[in-house]
Amino acid sequence: MFWAIGCLLAGILAGMALKGILVRLPLGHIVFAAVLTLLFIMGAQIGADKEILNNIHNIGIKAFLLTLGAVGGTMLAAWLWAAWLARGDRQKCPRGERTRRDR
Amino acid sequence: MIDSLLILAVFIVGVASTALDIIPANIVKADRILYALWIFMFIVGLKVGADSNLSEIIRAVRPRLLMLPVLTTLGTYAGVACVGLTCGYQVFECLAIGAGFGYYSLSSILISQYAGAEPGAVALLANMTRELFVLVFAPLIYRLLGPMPLLCSGGCTTSDTTLPVILRYAGSAWLAPAILHAMILDFSVPFWVTFFCSLMD
């Protein structure tokens, strides 16, 4: 598992060192082609596993619930933070001047 | 959006290819897939290293802006942990899936390699749905909760796919925060995902 992180860090360092050469390469397209290849393999692994295929509706429900949890939790955290910042700004502006963040 | 559809199509073709016995199943069970993953991680790193302009990023950083990825991370983890606990799913698996923050390609590939094909499929769908959710509900999120929850809900996608909708509703002043938010989260995804996968049974 840590090999993957090691490869990532090595890539970042190499990318920073070879920036001048790499900006001329279509790295975005290379990454996208690699993503498509690996996702094809991932799909093939799932297709080969009959247990997963029989359980596909549960996978969909689980993914949907996790999306709701992730987005809901994020929105709540950001909303609480924004409300706390707005409260602090109102205390600094006792005459009730509206700050940009209050809008 | 076309990229997302292409990714989904390739994934479905992959599933069909072995489910319908078009290609033999043992091809994809070999250890060499792990080497392919390492090469992939190296290329992702190259792109990050070549893209990033460290001095510009450091100049754009303000303490309040740094809170955005922290809020996204904490909120996502709290949300998926609640779902995991209430629905009886393994919490670390839910956290690994949530740690994709909408970066469905990288997170699902890593999770399928380290935690199994089923969690990988859930990660792909859940993180794709996150992006779709923000694209569809951006006006509603902005009207009900404001610009910050809209930006954070986009996760890693706020520098590319969801950026146009964020700027349209929250305003162009959110361009730099959106890009910084996505860059920090993008960078954190492989670390968080592998960390939570290592905590799974």
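Is Phe101(B) buried or exposed? With a relative accessibility of 0%, Phe101(B) counts as buried; by the definition used here, buried means under 20% relative accessible area, exposed means over 50%, and partly exposed lies in between, with a 1.4 Å probe and protein chains only.

Let me state the ground rules. This is a predicted model, in which local features need pLDDT of at least 70 and side-chain atom pairs count only at pLDDT 80 or more, while totals for chains, interfaces and linings use all residues. Residues are numbered from 1 along each chain as its sequence is written, chains are lettered from A and ligands numbered from 1 in the order in which they are written, and side-chain values use heavy atoms, with hydrogens and water left out.

On confidence, the model scores ipTM 0.84 and pTM 0.79. Chain B averages a pLDDT of 87, and 92% of the residues score at least 70; pLDDT is the predictor's confidence in each residue, from 0 to 100.

I turn to chain A. Chain A has 5 helices and 0 strands, and from the N terminus on its elements run α-α-α-α-α. Helices (H or I, at least four residues) and strands (E, at least two) are DSSP runs, numbered from the N terminus. Of the 103 residues in chain A, 43% are buried.

Next, the interface. Chain B brings 76 residues to the contact and chain A brings 62 residues, where contact means heavy atoms within 4.5 Å. About 6,500 Å² is buried between chain B and chain A, and carbon and sulfur atoms give 82% of that area. Buried area is the accessible area (1.4 Å probe) that two parts lose on being put together, summed over both.

How many salt bridges are there between chain B and chain A? The count is 1 salt bridge, that is, a side-chain nitrogen of Lys or Arg within 4 Å of a carboxyl oxygen of Asp or Glu. The side chains of Lys62(A) and Glu93(B) form it, at 2.5 Å from N to O. Across the interface of chain B and chain A there are also 11 residue pairs in polar contact, both at pLDDT 80 or more. A polar contact is a pair of N or O atoms within 3.5 Å; within protein, one must be able to donate a hydrogen and the other to accept it, and residues adjacent in sequence count only if both atoms are side-chain atoms.

Of the elements on the side of chain B that touches chain A, helix 2 of chain B gives the most, with 15 residues.

Tyr89(B) lies in the loop between helix 4 and helix 5 of chain B. Leaving aside residues up to four places away in sequence, Tyr89(B) touches Lys62(A), Leu65(A), Val83(B), Gly84(B) and Cys94(B).

Finally, three further loop positions. Phe101(B) sits in the loop between helix 5 and helix 6 of chain B, and has a positive phi of about 45 degrees although it is not a glycine. Asp21(B), in the loop between helix 1 and helix 2 of chain B, has a positive phi near 60 degrees; Asp21(B) is exposed, with a relative accessible area of 62%. Ser159(B), in the loop between helix 8 and helix 9 (163-170) of chain B, is partly exposed at 27% relative accessibility. Ser159(B) touches Ala178(B), Ile179(B) and Ala182(B), not counting residues up to four places away in sequence.
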